[in-house]
Amino acid sequence: MEKTPMTVAGAEKLRKDLEFLKSVERPRISNAIAEAREHGDLSENAEYAAAREEQGICEAKIKNMETQLATAEIIDVTRMKKVPDSERKVVFGATVKLERDDTGEEVTYKIVGDYEADVTKGYISYKTPIAKALMGKFPDDDVVVDIPKGRMEFYIKEVSYI
């Protein structure tokens with residue numbers, strides 16, 4: 001079975017979300033189904049059908065999260081803090097400060113697993129073109145990224161393990 005890379009924070013968030021689904025959402029949905037059953041004929045009961053559909057979605061999410069945790073390869077980059085700055089390679093879990101060559105704009109990304117990816121917070125999946133191009137590079141390297149809109153060039157200013 002394929003391992004699912006995940007940061008320590010991502011694994012903790014996944015566990016909390018799973019616990020919420022099991023302890024809060026699942027009982028709430030069960031109660032909604034029981035209440036809808038009390039309304040009589042189930043064949044024409046829209047509330048019952050909606051609650052059953054919600055139950056199916058919830059159970060699928062729970063199964064998916066359990067699978068992710070069961071196959072998780074939790075990577076803690078904070079244990080790598082002793083690596084000298086010039087030797088800090090971009091790896092899964094690293095935080096990378098970049099400068100766009102064309103605009104001079106600075107952006108910072110943390111390379112994470114799919115579950116915790118959120119570009120609005122600067123968390124990008126290791127599967128994205130930018131993350132793939134950055135992996136294995138060092139500070140002061142130039143990186144060319146082919147994206148659907150064309151080509152972007154970055155300069156790696158800093159790599160940190162936080």
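This is a predicted model: local features need pLDDT of at least 70, side-chain atom pairs count only at pLDDT 80 or more; totals for chains, interfaces and linings use all residues.
**View 1. Salt bridge between Asp17 and Lys13 in helix α1.** The side chains of Lys13 and Asp17 meet in one of the eleven salt bridges that the structure holds, with a distance of 2.9 Å from N to O. Because the two residues are four residues apart in helix α1, which covers residues 8-37, about one helical turn separates Asp17 from Lys13. Asp17 is partly exposed at a relative accessibility of 23%, and Lys13 is likewise counted as partly exposed, its relative accessible area being 42%.

**View 2. Salt bridge between Arg28 and Glu25.** The closest N and O atoms of this pair lie 2.8 Å apart, and both residues belong to helix α1, where a spacing of three residues corresponds to about one turn of the helix. Glu25 counts as buried because its relative accessibility is 18%, which falls under the 20% cut-off, whereas Arg28, at 36%, counts as partly exposed. Through salt bridges that share partners, Glu25 and Arg28 are joined with Glu54 into one network.

**View 3. Salt bridge between Glu106 and Lys157.** Here the side chains of Glu106 and Lys157 meet with an N to O distance of 2.4 Å, and the pair links distant parts of the chain, since Glu106 lies in strand β4 (residues 106-112) and Lys157 in strand β7 (residues 150-160), 51 residues apart. Glu106 has a relative accessibility of 41% and counts as partly exposed, while Lys157, with a relative accessible area of 34%, is also partly exposed.

Definitions and conventions. Residues are numbered from 1 along each chain as its sequence is written. Side-chain values use heavy atoms; hydrogens and water are left out. A salt bridge is a side-chain nitrogen of Lys or Arg within 4 Å of a carboxyl oxygen of Asp or Glu. Buried means under 20% relative accessible area, exposed over 50%, partly exposed in between (1.4 Å probe, protein chains only).
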